Amino acid sequence: MDTTGDPVDLLSAEGLHKVVAKLTDAMGGSKVDSLVVYGEYAIATGPVPGRPKLYDRYIYRGADVAVKFGPGGTMTPGTVPVDMKGFAWDAVPALLTKAARTLGIPAPTSRYLIVSPASTTLDSNPTMSVYLSDEYGSAHLQANARGEVIETYPRDEG
């Protein structure tokens, strides 16, 4: 919840731009090796300045600032941190709408976004995935940094 006014859904375009700005301020840069955003809060891990194999953790809860909430650990070999400013955040609401239509989760109890870094080990590019879940499990859409769907992983109804 935003303590400076009306609450902002952090999964909205406005909310995501705010997440990026506040985390960038807290981290002293906009590169992350992971970012998870829920409607009410976001958690990121980013490289420790001057120590590229280590990462710190940060959290943003929709207030005035994001804060560091502890050291993280050692980065997975091959991880290539990504610049949060290189993602098409304005595309996320449409991805969530598409997910609601196609993933087989008619009444989600949770919605969230995961940004994954590039990997030299897996020869992969950075992606963002929107997840919907309920008491029976979850499903997701994976998109590239431009917000174009790469793959759809609907729930298997068995």
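Contact here means heavy atoms within 4.5 Å. The structure shown in these views is a predicted model.

Figure 1. Once its neighbours within four places in sequence are set aside, Thr-127 is in contact with Phe-87, Ile-114, Val-115, Ser-116, Gln-142, Ala-143 and Ile-150. The relative accessible area of Thr-127 is 10%; because buried means under 20%, Thr-127 counts as buried.

Figure 2. With a relative accessible area of 14%, Asn-144 is buried. A polar atom of the Asn-144 side chain lies 2.9 Å from the backbone nitrogen of Arg-146. When residues up to four places away in sequence are not counted, Asn-144 touches Pro-126, Met-128 and Ile-150. Ile-150 is also among the residues in contact with Thr-127.

**Figure 3. The largest nonpolar core.** This core holds 34 residues, of which Leu-23, Leu-35, Val-37, Trp-89, Leu-113 and Met-128 touch the most other members. The greatest contribution is that of H1, with 5 residues. In soluble globular proteins, nonpolar side chains tend to be buried together. Met-128, one of the core residues named above, is also touched by Asn-144.

**Figure 4. The chain as the setting of the close-up views.** The chain contains 2 helices and 12 strands. Their order along the sequence is α-β-β-β-β-β-β-β-α-β-β-β-β-β. The chain has a radius of gyration of 16 Å, close to the 15 Å given by the globule rule for 158 residues, so the chain is as compact as a globular protein of that length. The C-alpha trace spans about 50 × 45 × 25 Å along its principal axes.

Figure 5. Among the 158 residues of the chain, 41% count as buried; Thr-127 and Asn-144 are buried residues. Of the contacts in the chain with a separation of 6 or more, 50% are accounted for by residues 24 or more positions apart. The chain exposes about 8400 Å², and carbon and sulfur atoms supply 53% of this area.

Methods
Residues are numbered from 1 along each chain as its sequence is written. This is a predicted model: local features need pLDDT of at least 70, side-chain atom pairs count only at pLDDT 80 or more; totals for chains, interfaces and linings use all residues. Side-chain values use heavy atoms; hydrogens and water are left out. Buried means under 20% relative accessible area, exposed over 50%, partly exposed in between (1.4 Å probe, protein chains only). A polar contact is a pair of N or O atoms within 3.5 Å; within protein, one must be able to donate a hydrogen and the other to accept it, and residues adjacent in sequence count only if both atoms are side-chain atoms. A nonpolar core is a set of buried Ala, Val, Leu, Ile, Met, Phe, Trp, Tyr and Cys residues joined through side-chain atoms within 4.5 Å. Helices (H or I, at least four residues) and strands (E, at least two) are DSSP runs, numbered from the N terminus. The radius of gyration is taken over C-alpha atoms; the globule rule is 2.2 Å times the number of residues to the power 0.38. Accessible areas come from the Shrake-Rupley method with a 1.4 Å probe; for residues, only the protein chains shown count as cover.
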